[in-house]
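Okay, thanks for coming, everyone.

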Amino acid sequence: MYVRYELKAVIFDTQKECRDLKERLREAGIVVLVPFLGLQVEHTLVEVIAEVGLSTSDCLFLTNQRGHAFVAQRLGMAVIGCIEGNFEVPRTAVLLESPEEVSIHYLNQMYCHAKGLPAVIAETKRCFIRELTTKDMSVLYDILTEKEVARFLPRKFGTREEELEKLIAYASQVYSFFEYGYWGIFLKSTNELIGRAGFKEGSWPLEVGYAIKYAMWGNGLATEILSQLIIYGTEELGCEEIFVRIEENNKASVRVAKKCGFGDTMQDEVFQEEDGSKTKIKVFQWLVSQ
């Protein structure tokens, strides 16, 4: 069984009621705590967390007070700051103006990022999609440089050392900044990394992409993954238009895109290769209104 890192409790230290968010958290089985934090902030936090049988590392702390944020961080909690009223803005990696509007999935991502853990993005029948870590990169490099896989990727790869450095930098920077990117595809049955999939960082409308190891081709996994990415892009990221760019000769990926509801656009692209040859890229579009 694969490991899924998830927060177990959210502690509210804010002016806003966030009633809807609290209810959604309870429905998802996540403990909601609203302690009165007087002068003994550290003692109170430790006490209320222990009362529900959890540790400080299980919790996400939402606060609009800088001092409270500092105490929670010292206790090992993941902390998100809220911008409210006349309080000093907490010194946290994430600041929310409307915490009541965020999704539970987003909170779990922020929890994982604060704890240095890879967040699971989505699941399919046979796979789970999660953020990549430095431990995944050597295997991913081997997949992306397979002859059959590399021929359809948009760029040529350098040496293992060069590419591993790029991949490690990507995982450490892109997820926290953009909240999306290219993630790893793992088999639920074995935890094996079999490829990557996701959205090009900074693209809007979203540009989706995927690459799966050659040994796993032809068994419907690409369709399974792409279908789930469409759901994630529309429901979690709120994008109503998704693009995919596919080399014209990649007939299998063209079939997958069309099976998932992508239609041709009028925009095709031609790239000049280093050897003087030209590669034609077809652009397919998926619309939420279609």
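Let's start with Pro35, which sits in the loop between strand E2 (31–33) and H2. On naming, helices (H or I, at least four residues) and strands (E, at least two) are DSSP runs, numbered from the N terminus. Before going on, a word on the model: this is a predicted one, where local features need pLDDT of at least 70, side-chain atom pairs count only at pLDDT 80 or more, and totals for chains, interfaces and linings use all residues. Residues are numbered from 1 along each chain as its sequence is written, and side-chain values use heavy atoms, with hydrogens and water left out.

Back to the proline. Is Pro35 buried or exposed? Pro35 counts as buried, at 15% relative accessibility. The cut-offs are under 20% relative accessible area for buried, over 50% for exposed, and partly exposed in between, with a 1.4 Å probe and protein chains only. If you skip neighbours within four places in sequence, Pro35 is in contact with Ile11, Phe12, Thr44, Leu45 and Val48. Contact here means heavy atoms within 4.5 Å. For a sense of scale, the C-alpha atoms of Pro35 and Tyr141 are separated by 47 Å, and the two residues are 106 apart along the chain.

Now zoom out. The protein chain has nine helices and 13 strands, and its C-alpha atoms fill a box of roughly 70 × 40 × 35 Å, taken along the principal axes. Of the 290 residues in the chain, 49% are buried. Taking contacts between residues at least 6 apart in sequence, 54% join residues at least 24 apart.

On to the helix pairs. Helix H2 (residues 41–51) and helix H3 (residues 66–74) pack at about 55°, with their axes 10 Å apart. Those axes are lines fitted to C-alpha atoms, for helices over the stretch in contact, and angles run from 0 to 180 degrees between N-to-C directions. That angle makes H2 oblique to H3, because under 35 degrees counts as roughly parallel, over 145 as roughly antiparallel, 65 to 115 as roughly perpendicular, and the rest as oblique. Who makes the contact? Val41, Glu42 and Leu45 do it from H2, and His68, Val71 and Arg74 from H3.

The second pair is H8 with helix H9 (residues 251–259), at an angle of about 45° and with axes 9 Å apart. H8 is therefore oblique to H9. Here Ala222, Thr223 and Leu226 in H8 meet Val256, Ala257 and Lys259 in H9.

Next up, the inside. A nonpolar core, by the way, is a set of buried Ala, Val, Leu, Ile, Met, Phe, Trp, Tyr and Cys residues joined through side-chain atoms within 4.5 Å. The largest one has 55 residues, and the members touching the most others are Trp183, Ile194, Phe199, Val208, Leu229, Ile242 and Phe262. H8 gives the most to this core, with seven residues. Apart from it lies another core, of 22 residues, among them Leu7, Leu62, Ile80 and Leu96.

Then there's helix H4 (residues 104–115). Its twelve residues reach 17 Å from first C-alpha to last, close to the expected 16 Å, where the expected span is 1.5 Å times one less than the number of residues. The buried residues of H4 are His105, Tyr106, Leu107, Asn108, Gln109, Met110, Tyr111 and Cys112. Among the elements covering them are helix H1 (19–27), strand E3 (59–63) and helix H8 (221–236). Just after H4, Gly116 takes a positive phi of about 70°.

Beyond neighbours within four places in sequence, Glu163 is in contact with Tyr141, Arg155, Phe157 and Gly158.

Most residues other than glycine have a negative phi, and most peptide bonds are trans. Glu179, in the loop between H7 and strand E8 (182–187), has a positive phi near 75°. Asn191, in the loop between E8 and E9, also has a positive phi, of about 70°. Glu179 is partly exposed at 32%, and Asn191 is partly exposed at 37%. Finally, a cis peptide bond joins Trp204 and Pro205, with omega about 5°. Pro205 lies in the loop between strand E9 (193–199) and strand E10 (206–212).
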